[in-house]
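Hi everyone, thanks for coming. Please take a look at the sequence and the structure on the screen, and then we'll walk through a few parts of it together.

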Amino acid sequence: MSSNIAFHKKQLYKMYINGQWIGDECETFINVMNPATNEVIGMIPNGGTPEAKAAVDAAHLAFKTWSKKTADERSQLLMKWFHLIDEHKVEIGTVMTMEQGKPVNEAIGEVNYANSFLSWYAEEGKRIYGETIPATHPNKRILIRKEPVGVVAAITPWNFPAAMITRKVAPALAAGCTVVVKPAQQTPLTALKLAELAEKAGIPAGVFNVVTGKSKEIGDAWLKDSRVRKLTFTGSTEVGKVLMRGAAETVKKISLELGGNAPFIVMDDADLEKAAKGLLASKFRNAGQTCICTNRIYVQERILEPFVELFKEELSKLKIGNGMEEGIDIGPLIDQPAVNKVNEILDDAIHKGGKIVFQGDKYEGEEGFFFPPTILTNVNDQMMCVEEEIFGPLAAIATFKTEEEVIERANNTVYGLAAYVFTENLSRAFRISEELEYGIIGLNDGLPSTAQAPFGGYKESGLGREGGHHGLEEFLEVKYISIGLN
Ligand code: ADP
């Protein structure tokens, strides 16, 4: 399945600004690591303020022409990019596995998911409709136009190196905006691969730029620049708050996709097999490192034992290892601090009475950052595994007695991104879905993300939505034209 791309320690990748590949002249470089082997797989330029500014110069200039193209012209270019990504999906997936760790089949799956935003928004960009509104005065007309906001800055995380970029860039470009992107330092090579294909597709210079390097310096340069009219960010709540404060200076529009603490509720009338499979998908995708990954599992007391047995059975089928090898389901975590954090969370739980009822084999093959899939029971709400985002393959199971109790416990968090409920009772399903203070509900569904639906959180999980027509609105201004007739 994997393509035969060679990775060289000393290979220097360049960033993409104004249709040019630049960066040799940077004074320092950042090593990109393979988390499965802890080896260097390449280097990227450690850019900063000058490169951040050059990217905005380019995007600002390109906006003048890109925003004036017809939706159809933009759509055709987005579709060319889509087809090139599709042709190169194995290559992109391989790059992703090398820098991020997820198994190569899962990485190719992410490329398909990432690409679905391009094809969906290539179409949806044609349906940016205005409005006419009946006026109070007979000699007035009210006209509403939707216009692209301008230059967009996108800052993205390492857990979905391709999809977090296209989920922002596709609607932005379809709306007529131009974009400057800063990918995570851990996973810049996937972003640069996407840029290479954007260039090949004929996306004009300056429309899509990728700047690599110093996060804070690049972020600050974009926050201060009043030409950047929109900031779209996926990452931690902590950094999201810093960026939100910074965006206030120039009153930018903002979209934030931040942390989550997803509850997974299994009611006693649930189809347990379906629930166990749903939990496996939602908990162990990307080794537990997604913001909508299940964090806390609440199982109704009466069905704890049969459910845990089924879940163990499912989990024991998963194979941990280097994602470049065939048949691997769980790759490494992103780095050593990530492994340390999951260990700390596990130790805390055990100290407070938690019990390990299953632990997969430790993977000793290489020097990478592996953590064995683990199931913990006897969990209570005072444990770190309930209060904090685990971001690892540790499934923490607590029990509950009543529907009211579980709703209250599930909502008892500052986060509100995704929640999962498994029940076969229709009334219960509606009641619980409506009571949960979350932006996304997986009702008998462990994998709710899709291009046409709005993804985003309540409370401290963020602002705005990505995906669907809601995701396009985020990149549009509303202009009201009041017309006086003779
Ligand atoms: P994660 O925990 O997923 O690494 P972060 O919030 O730390 O999440 O990082 C998400 C993205 O934000 C990355 O691209 C990172 O480089 C960037 N980032 C981190 N700190 C800042 C900052 N102060 N200003 C701008 N970008 C930042």
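Let me start with a question: which residues in α3 meet α4? Before I answer, a word on the model. It is predicted, so local features need pLDDT of at least 70 and side-chain atom pairs count only at pLDDT 80 or more, while totals for chains, interfaces and linings use all residues. Residues are numbered from 1 along each chain as its sequence is written.

Now the answer. From α3 we have K89, V90, I92, G93, T94, M96 and T97, and they meet V104, A107, I108, E110, V111 and N112 in α4. Contact here means C-beta atoms, placed from the backbone, within 7 Å. The helices are DSSP runs (H or I, at least four residues), and strands are runs of E with at least two, numbered from the N terminus. Helix α3 covers residues 89-100 and helix α4 residues 104-124; they pack at about 120° with axes 8 Å apart. That angle makes α3 oblique to α4. By class, this contact has seven nonpolar, four polar and two charged residues. Here Ala, Val, Leu, Ile, Met, Phe, Trp, Tyr, Cys and Pro count as nonpolar, Asp, Glu, Lys and Arg as charged, and the others, Gly among them, as polar.

About those angles: axes are lines fitted to C-alpha atoms, for helices over the stretch in contact, and angles run from 0 to 180 degrees between N-to-C directions. Under 35 degrees counts as roughly parallel, over 145 as roughly antiparallel, 65 to 115 as roughly perpendicular and the rest as oblique.

α4 has another partner, helix α5 (residues 163-175), at an angle of about 10° and with axes 8 Å apart. So α4 is roughly parallel to α5. The α4 side of this contact includes Y113, F117 and Y121, and the α5 side includes R167 and P171. It has ten nonpolar, two polar and three charged residues by class.

On to the ligand. Of the 14 residues around it, S215, G219, G235, S236 and V239 come nearest; near means a C-beta atom, placed from the backbone, within 6 Å. α7 (215-224) and α8 (237-248) each supply at least two residues of this shell, and α7 gives the largest share, three residues. The shell has six nonpolar, six polar and two charged residues.

Terms used
Contact = placed C-beta atoms within 7 Å.
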